[in-house]
Amino acid sequence: MGEVRFGVHDVAGIRFAVSPLWETVAAFRATADPGRHAVQLPWIKSVAPLREDRSLAGRIAPLRAAAASPGFTTPPPRCPLAEFEEELAPMGAAPELAGALRAWWEAAVRPYWPRIRAVLEADIAYRTRQLAEDGIQEVFARLHPSLHWTGDRLVSADLPPAGPDLGGTGIVLAPSAFAARCHLLAGTAPPALVYPSRAVGGLWERRGTRADGLARLLGRSRARLLALTGSPSTTTQLAAVSGLSLGAVSQHLSVLRDAGLVTGHRYRREVHYTATELGTALLERS
């Protein structure tokens, strides 16, 4: 069993982030071990041929070698919503490895990134609400079955026996669509705990006639707006994506909010709308 000990300042320094660089490496490893990633099989089947594609295989060879090493990992994420290139630059990878990571990202991950990121952002929104309502102890208790909060320590068989000394830096919690278990990314402060995201089971599901049923129930505009709030979005962003006017978006969001399907959280001068648990459950069943 490993553990991470928290001081008073460490608890106050807990924050969330999404790491496209981590997801890129984890996605590559998932294609090499489909048996451990049954949920990802639809995606794996679609991208697995890329590993052997003649035009790509040579370019990703350095990644193949690096990913085969259990000790190879990525630095802890720094920005809540960092872009791939933002994370790659400070990694300090050799040019050949950096090129391989970029090639795999562009070919296999980036085309699906909006869908993946929406799931990860929805997980963060859920955990943030949970933190506000129930406190950090409850967040850790529900983060993953392998994790246990004991006094001032986070304990898990997935953590290294000699955990890092946080030293007041706090820790970054990073949901992952491709993690089969928890991983601790250390080396720089603050470290990051990568954990399997919620709702990954519906990530690759195809929506058929039931999606039409949701549109008939809510109306096509409201059903589309509900789907777009899988990740936090403002009325301006929703209007730009949906093609609806700001007034129409506001009216539809008001109805969805009154029905308990979306919730709004103010950040600085903007209100970000996110699907509630009820709204997410409705989408996952559509």
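Helices, in this account, are DSSP runs of H or I with at least four residues, numbered from the N terminus. By that convention A32 belongs to helix α2, which spans residues 20-32. The model under discussion is a predicted one. A32 counts as exposed, because its relative accessibility is 52% and the exposed class begins over 50%. Its C-alpha atom is separated by 9.6 Å from that of A67, a residue 35 places away along the chain.

With a relative accessible area of 9%, S197 is buried, since the buried class covers values under 20%. Leaving aside residues up to four places away in sequence, S197 touches V119, L120, D123, P175 and S176.

The packing of α9 with α8 can be described in more detail. Two packed helices are described by the angle between their axes and the distance between the axes. For α8 and α9 the angle is about 140°, and the axes are 7 Å apart. The angle therefore makes α8 oblique to α9. From α8, the residues Y126, R127, Q130, L131 and D134 take part, and they meet I136, E138, V139, R142 and L143 of α9. By class, the residues of this contact comprise five nonpolar, one polar and four charged.

Strands of a sheet pair through backbone hydrogen bonds, either parallel or antiparallel. Here the sheet is open and has three strands in the order β1-β4-β3, with antiparallel pairing. Strand β1 (2-5) and strand β3 stand at the edges with a single partner strand each, so one side of each has no neighbour in the sheet. On average, neighbouring strands of this sheet are turned by 25° against each other when direction is ignored.

The individual pairings can be followed residue by residue. Strands β1 and β4 run antiparallel and are joined by four bridges; R5 has R153 in β4 as its bridge partner. Strands β3 and β4 pair in the antiparallel sense over three bridges. H148 stands opposite V155 in β4, while T150 has R153 in β4 as its bridge partner. A hairpin is formed by β3 and β4, with two residues between them, and G151 in the turn has a positive phi of about 65°.

S221, R222, L225 and L226 in α11 meet V249, H252, V255 and L256 in α13. Sorted by class, the residues of this contact are five nonpolar, two polar and one charged.

Technical notes. Residues are numbered from 1 along each chain as its sequence is written. This is a predicted model: local features need pLDDT of at least 70, side-chain atom pairs count only at pLDDT 80 or more; totals for chains, interfaces and linings use all residues. Side-chain values use heavy atoms; hydrogens and water are left out. Axes are lines fitted to C-alpha atoms, for helices over the stretch in contact, and angles run from 0 to 180 degrees between N-to-C directions. Angles under 35 degrees count as roughly parallel, over 145 as roughly antiparallel, 65 to 115 as roughly perpendicular and the rest as oblique. Contact means heavy atoms within 4.5 Å. Ala, Val, Leu, Ile, Met, Phe, Trp, Tyr, Cys and Pro count as nonpolar, Asp, Glu, Lys and Arg as charged, and the others, Gly among them, as polar. Buried means under 20% relative accessible area, exposed over 50%, partly exposed in between (1.4 Å probe, protein chains only). Two strands pair if DSSP finds at least two bridges between them.
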